[in-house]
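Here are a few friendly notes to read alongside the model. Take them one at a time, and find each residue as you go.

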Amino acid sequence: MVDILNLALPYFGLIFVGFACGKIKSLPESGLAWMNFFLLYVSLPALLFAIMSKTPFAELNNPPFLVATTLSTVTAFTLALVVGKVLGRLTLREATLAGLSGGYGNIGYMGPGLALAVLGAKASAPTALIFCCDSIFLFTIVPLLIELSDRDHPSIVHAFGVVLKQIVLNPLIMSACFGAAVAALHIELPVALDRTITFLQNAAAPTALFVLGVTVALRPFDRVPWEVPGVVAVKLLFHPLAAFGLMLAFGPFAQPWAATAVLMASLPPALNVFVIARQNDAWIESASVAVLLGTFASVVTLTSVMWAIQTGRLAFP
């Protein structure tokens, strides 16, 4: 257990350092703008590109794994949406964001670094595939449902146009696709470019975790809306259990692949949930609380999953 704590605590420690800095130092939230830009458009894309480009393309061709992991995310998203509708009596627009909290984990900020630390290089391919499939699904269904709930734009054609634009302009999805293309075409990058990408990708995890902590610290925490505990429970408990069951149902998969799927499903609600809520001017306070509670609760749940993987208690035939 000490080894697991030594592995997990630096990740959560960076979040708590950022949280403490956000509470102690009175700096405006606008100061995070360039750090967020660096993460979204430079460092995290470099990380995903590197993972995909250095993975043999044959390993990326695994349709049963893609179906199983995406289905677990779809199920968690749907259940969280229903929880939001029933417990919080939310509108479709608000419930969609509740569904996002229950289905979309911190697969960008925490996922790659944590998966590679726990499972090693063999986790790189499944990590990248999960990120791409989850992001494409969620960045399709969420804008679609929100657009359909917008009385100013009731057209289904307009809704699909918005969805397509968000996918094409998403730097994380596109960087992963470019990386897959490089792997498929066996392109060798120039040494200087490869070292630059390595330098950038190494900055992704610490920067992302620090920014996550600061951002959570700056969020208001006046009350816990009725639906938030249920949504967080879906994300931290139901989603990994669904991933585990679907790995068994669609398998057998190699241990690192199946374990990566469960680990990625165990991540807390993504910081992007709050960002998207603010962009759509809906469920903002609740999204902030969901990210805050989910991040702190995952200290127990996510560490437990890591312990089960490392000790061999979470094994797949």
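1. One term first: contact means heavy atoms within 4.5 Å. Please keep in mind that this is a predicted model.

2. Start inside with M306. Which residues does M306 touch, not counting residues up to four places away in sequence? They are I4, L7, A8, L114, V118 and L263.

3. Now widen the view. M306 and L263 are the residues with the most contacts inside the largest nonpolar core, which has 93 residues. Helix α7 (residues 124-148) gives the largest share of this core, with 12 residues. Another core, of five residues, lies apart from it; F49, A50, V182 and I197 are among them. As background, nonpolar side chains tend to be buried together in soluble globular proteins.

4. Next, look at the surface. A nonpolar patch there is formed by W34, F37, L40 and Y41, and together they have about 470 Å² of accessible area. One of them, L40, is found in helix α2 (residues 33-53). Because its relative accessible area is 32%, L40 counts as partly exposed.

5. H186 has a phi near 55 degrees, a positive value in a residue other than glycine. You will find H186 in the loop between α9 (171-185) and α10 (191-202). W283 also has a phi near 55 degrees, again positive and not in a glycine, and its place is the loop between α14 (271-279) and α15 (284-310).

6. Is H186 buried or exposed? With a relative accessible area of 69%, H186 is exposed. W283, at 6%, is buried, because buried means under 20% relative accessible area.

Key
Residues are numbered from 1 along each chain as its sequence is written. This is a predicted model: local features need pLDDT of at least 70, side-chain atom pairs count only at pLDDT 80 or more; totals for chains, interfaces and linings use all residues. Side-chain values use heavy atoms; hydrogens and water are left out. Patches are made of residues with over 30% relative accessible area and no salt bridge: like charges are joined within 9 Å, nonpolar side chains (Val, Leu, Ile, Met, Phe, Trp, Tyr) within 5 Å. Accessible areas come from the Shrake-Rupley method with a 1.4 Å probe; for residues, only the protein chains shown count as cover. A salt bridge is a side-chain nitrogen of Lys or Arg within 4 Å of a carboxyl oxygen of Asp or Glu. Helices (H or I, at least four residues) and strands (E, at least two) are DSSP runs, numbered from the N terminus. Buried means under 20% relative accessible area, exposed over 50%, partly exposed in between (1.4 Å probe, protein chains only). A nonpolar core is a set of buried Ala, Val, Leu, Ile, Met, Phe, Trp, Tyr and Cys residues joined through side-chain atoms within 4.5 Å.
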